[in-house]
Amino acid sequence: MLDIRIEKTKTPKAKPAADDPLKFGTIFTDHMFIMDYETEKGWHDARIVPYGKISLEPSAMVFHYGQEMFEGLKAYKTEDGRILLFRPDKNAERTNNTNRRLCIPEIPKEDFVQAIKAVVKVDEAWVPEKEGTSLYIRPFIISVDPFLGVRPSNTYMFMIILSPVGPYYPEGLDPVKIWIEDEYVRAVKGGIGEAKTGGNYAASLKSQVKAHEEGYSQVLWLDGVHRKYIEEVGAMNIFFKIAGKVITPELTGSILPGVTRDSVIALCKEWKLPVEERRISIDEIFEAYENNTLEEVFGTGTAAVISPVGHLRWENRIMQVRDGSIGPVSHKLYDTLTGIQLGKLPDTHNWTVQV
Ligand code: COI
């Protein structure tokens with residue numbers, strides 16, 4: 001159990017207006033959580049302080065070798081005014097999986113969840129209420145030894161910042177256009193693809209820029225060895241509904257194990273909808289498309305929730321899915337997940353945690 005010191009801001013900021021579109025990741029609340037790590041002391045000095053700039057040495061290791069990790073989860077306000085988190089224990093677990101891969105010291109699961117609850121509680125008035133909005137929670141850890149040799153740092157900072165957000169994609173629930181990358185790869189088995197660390201996202205930017213220039217929202221990655229099996233979209237995992245079956249790539253070590261991905265699989269099982277986690281090739285997707293059995297494509301992610309995909313391009317081949325409308329399974333998943341997150345539907349899986 002952490003002993004968290006709280007220092008409240010003396011100059012609270014104006015909160016966004018009720019009709020603010022809350023462009024993803026642009027507005028930050030009044031406070032942030034910080035905790036330090038030193039080898040001799042372990043994690044210590046947990047505190048909630050006014051949101052603001054931090055001071056680091058230019059030699060801090062994170063700037064040079066990228067030893068860092070981050071997470072993403074959301075807090076929602078229910079109609080009766082409660083604040084709910086969605087599966088924060090899964091983020092705690094994934095944090096420690098990432099930390100082990102990157103030689104960052106682990107954080108006890110209960111401390112991770114306690115820190116999130118505490119900082120959200122302090123800024124609870126920032127949880128937006130409008131439909132489709134939430135408070136995005138960004139925990140992250142950076143390595144801060146002032147040192148230029150390559151080795152794991154001995155000192156770290158764990159921080160949590162909060163941002164009221166609307167939809168991740170400006171398209172909202174309208175289908176997005178996805179570029180299937182044929183030149184670069186995101187990750188390979190044995191690499192860091194399943195870790196939630198900045199390097200994976202930095203590596204994706206070149207393709208994202210190319211995709212944006214061509215009018216596409218995001219990049220879908222193929223595996224780095226055969227260049228033919230579907231992996232993930234970077235900001236989300238991907239699902240295909242083919243001839244009545246919901247199919248998503250299995251977790252091979254190079255794909256991020258998404259919390260929303262896991263929840264979608266659980267819901268499909270509950271609904272007795274056949275769901276398969278397996279290798280799926282780009283050729284199989286095109287074949288289904290040509291046979292008219294590609295019924296739905298959607299991405300899943302904390303930021304993206306359920307994001308229908310209406311158009312995919314691979315080399316010079318294009319798939320136009322469902323003439324631009326959201327499919328019934330994608331829609332039902334979106335309604336069910338957000339219904340549980342907002343406390344409107346019974347939480348039979350015990351996924352929500354009250355702040
Ligand atoms: C999330 O969905 O929370 C993520 O971390 C994806 C991020 C790139 C916005």
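Predicted model: local features only at pLDDT ≥ 70, side-chain atom pairs only at ≥ 80, totals over all residues.
**Exercise 1. The surroundings of Arg186**

Work out which backbone oxygens lie by the side chain of Arg186, and whether Arg186 is buried or exposed.

*Solution.* 
Step 1: Look in the loop between β9 (176–180) and α4 (198–202); Arg186 is there.
Step 2: The relative accessible area of Arg186 is 9%, and because this is under 20%, Arg186 is buried.
Step 3: Turn to the polar atoms. A polar atom of the Arg186 side chain lies 3.1 Å from the backbone oxygen of Gly193. For the backbone oxygen of Ser254, the distance to a polar atom of this side chain is 2.9 Å.
Step 4: Finally, list the contacts, setting aside neighbours within four places in sequence. Arg186 is then in contact with Gly193, Asn200, Trp221, Glu232, Gly234 and Ser254.

**Exercise 2. A glutamate in a loop**

Describe the position of Glu124 and say which residues it touches beyond four places in sequence.

*Solution.* 
Step 1: Glu124 is placed in the loop between α3 (109–122) and β7 (134–143).
Step 2: Its relative accessible area is 31%, so Glu124 counts as partly exposed.
Step 3: Leaving out residues up to four places away in sequence, Glu124 touches Lys77 and Ile83.
Step 4: For a sense of distance, take Met69. Glu124 and Met69 are 55 residues apart along the chain, and their C-alpha atoms are separated by 25 Å.

**Exercise 3. Around the ligand**

Find which residues surround the ligand, and which domains they come from.

*Solution.* 
Step 1: The residues surrounding the ligand are Phe70, Gly72, Tyr136, Arg138, Tyr168, Lys196, Tyr201, Thr302 and Ala303.
Step 2: Sort this shell by class: five residues are nonpolar, two are polar and two are charged.
Step 3: Check the oxygen atoms of the ligand. One lies 2.6 Å from a polar side-chain atom of Tyr136. A backbone N or O atom of Thr302 is 3.3 Å from an oxygen atom of the ligand, and for a polar backbone atom of Ala303 the distance is 2.8 Å. On its own, the ligand has 280 Å² of accessible area, and the protein covers 90% of that.
Step 4: Bring in the domains. The assignment gives domain 1 (5–165) and domain 2 (176–341), and each supplies at least three residues of the shell.

**Exercise 4. Two domains together**

How far apart are the C-alpha centres of domain 1 and domain 2, and how many residues of each take part in the contact?

*Solution.* 
Step 1: The C-alpha centres of domain 1 and domain 2 lie 27 Å apart.
Step 2: Domain 1 gives 21 residues to the contact, and domain 2 gives 21 residues.

Technical notes:
Residues numbered from 1 in each chain as written. Heavy atoms only, no water. Helix = DSSP H or I, 4+ residues; strand = E, 2+ residues; numbered from the N terminus. Buried < 20%, exposed > 50% of the residue type's maximum accessible area, 1.4 Å probe, protein only. Polar contact = N/O pair within 3.5 Å; in protein donor to acceptor, adjacent residues only side chain to side chain. Contact = heavy atoms within 4.5 Å. Near = heavy atom within 4 Å. Areas by Shrake-Rupley, 256 points an atom, 1.4 Å probe, with all protein chains shown as cover. Nonpolar A, V, L, I, M, F, W, Y, C, P; charged D, E, K, R; others polar. Domains from an automatic or database assignment.
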